[in-house]
Amino acid sequence: MREAAAAPVPEGRRSAQILRHGSLEVRWYAPRGSDPQTPHERDELYVVASGRAEFVRGSERAAVGAGDVLFVPARMEHRFEDMSADFGTWVMFYGPAGGERDTPFAGR
């Protein structure tokens, strides 16, 4: 996690890319002060690595902390608020633009 937190954030981005393979992109995201992100074109999975925050997804709001896993479908409004000074999260983007449509494991 220390190496990820020290990775450079490219100009125009808010997170550092750590790994890319196929459609999977793993990034380190540690917003300070405010989280100005806008909806993304692909599905996302967050794994909170450190600290605490309030997570807003659509009309939902939840307190989150280290170890929590959060899913955000493509194009959904979301953000972190009231982050602690040590807040950091892994974010994984995957799948096609517009998000995945089928759910092969539903109903099993």
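Ala 53 stands opposite Val 64 in β5. The strands concerned are β4 (residues 52-57) and β5 (residues 60-65), which run antiparallel and are joined by six bridges; two strands count as paired if DSSP finds at least two bridges between them. Two residues lie between the strands of this hairpin, and Gly 58 takes a positive phi near 60° there.

The model is predicted: local features need pLDDT of at least 70, side-chain atom pairs count only at pLDDT 80 or more, and totals for chains, interfaces and linings use all residues. Residues are numbered from 1 along each chain as its sequence is written, and side-chain values use heavy atoms, with hydrogens and water left out.

The chain holds one helix and eight strands, these being DSSP runs numbered from the N terminus (helices H or I, at least four residues; strands E, at least two). From the N terminus on, the order of elements is α-β-β-β-β-β-β-β-β. The radius of gyration of the chain is 14 Å, close to the 13 Å that the globule rule gives for 108 residues, so the chain is as compact as a globular protein of that length. This radius is taken over C-alpha atoms, and the rule is 2.2 Å times the number of residues to the power 0.38. Along the principal axes, the C-alpha atoms fill a box of roughly 40 × 30 × 25 Å.

Of the 108 residues in the chain, 37% are buried (under 20% relative accessible area, 1.4 Å probe, protein chains only). Among contacts (heavy atoms within 4.5 Å) between residues at least 6 apart in sequence, 60% join residues at least 24 apart.

How values were computed:
Buried means under 20% relative accessible area, exposed over 50%, partly exposed in between (1.4 Å probe, protein chains only).
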